[in-house]
Amino acid sequence: MRSRYALSRVETRLFVLALVTALWPAHARADWIVSAFGGVAHTQSSTMDLSLPLQGTELTLTDVAYRGESFQSPQYYGLRGTWMPNGHRWLGIEAEWIHTKVYAEIDGPVHARGTLRSVPIDATIPLSSIVSRLSMSHGLNFILANVSARHGFGPMDATGAHRLVGVVRAGAGPTLPHAESQIDNVYFEQYEGGGLGVQVGGGMEFSFWHGLGAIGEYKFTWASPEIEVAGGQAKIPSRTHHFAFGIQYRF
C-alpha cells in the first residue's frame, strides 16, 4: 500500500490542478483572494448500502449515525482560491479543497433489511454486529469549482474594496475519500474516487489590514461515495453541515 505521505502529495497535486483550472484566466486584470479555514462539520444520519459477497451479506442499513471529530487529528480544514475579474467584483470564480471526516457510529442501532450472512433479516441491530470500523478519517475530500456572488457593505479600504463583504457560493466537483474499514478482523484502507460532490453556502469576509482578513461561513455539502471495504463495498450518502472560520489574503 502506498504511504500516507505519498497519498498526501496526491491530494496537494489534485488541489493545485483544480486551482489552476478554475482560475485559468490569469492574464486578465483581477483581484485575487486566497483563504484557509477550519471549523466544525456534522454529517446527518443516512441510509447505507452494504455489500459483502463473500459473507453472503447484502444489506440496506437505515438511521446510520456519524461523527466528525473536526478538532482531532487529522483536523478538518479547507483551502480556497478566488479570482474576481476587474470591473465585475461582485463575481468570484473559485477552486476549493475541503477535507471533512466521517466516522460511522458503530455502537449505535441501525435497521438492517436484506441478507446477513446468507440469512434474511429485517430488524434493528447494533452496527457493530456487522462492522468493527467504517470511516473516512483521512477525508471525504471535496475538490470543487465554485461560482460566488459578492456584495460589499460599509466603508472601503485604501484599495477601493469594501472592508465587509457578504458572499454566497455554489460549486461541484469530484470527491476523493480515504476509507478505512474493519470487518471480521480484516482491516482495509485506501484512497479512491468517490464520484460527484456539491456544495452551497455563504458567509462574511472582513478585511482589517493590508489585504489580510477573516472569514466566517456556513456551507452544506452532499456526496454519495461508493467505497471499497474489507470484503465488499459500501455506499454512504453524506449530507454535511459545515461551520467554518479562518483567514484570507486579498491581492
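Which strand holds Phe-153? Select residues 133-156: this is strand 9, and Phe-153 sits in it. Strands here are DSSP runs of E, at least two residues long, and helices are runs of H or I of at least four, both numbered from the N terminus.

**Before you go on**

This is a predicted model, in which local features need pLDDT of at least 70, side-chain atom pairs count only at pLDDT 80 or more, and totals for chains, interfaces and linings use all residues. Residues are numbered from 1 along each chain as its sequence is written, and side-chain values use heavy atoms, with hydrogens and water left out.

**Whole chain**

Show the cartoon. The protein has 16 strands and one helix. Of its 251 residues, 49% are buried. Buried means under 20% relative accessible area, exposed means over 50%, and partly exposed lies in between (1.4 Å probe, protein chains only).

**Stop 1**

Keep Phe-153 selected. Phe-153 is partly exposed, at 40% relative accessibility.

**Stop 2: Gln-199**

Stay in strand 12 and pick Gln-199. Is Gln-199 buried or exposed? Gln-199 is buried, at 2% relative accessibility. Show its side chain. Another, of 3.2 Å, reaches the side chain of Lys-219. A polar contact is a pair of N or O atoms within 3.5 Å; within protein, one must be able to donate a hydrogen and the other to accept it, and residues adjacent in sequence count only if both atoms are side-chain atoms.

**Stop 3: an aromatic pair**

Select Tyr-218 and Phe-243. Their rings form a tilted pair, 5.4 Å centre to centre with 50° between the planes. Rings of Phe, Tyr and Trp (its six-membered ring) pair if their centres lie within 6.5 Å; planes under 30 degrees apart are stacked, over 60 edge-to-face, and the rest tilted. Tyr-218 lies in strand 13 and Phe-243 in strand 16, so the pair ties together parts 25 residues apart in sequence. Tyr-218 is partly exposed at 31%, and Phe-243 is partly exposed at 48%.
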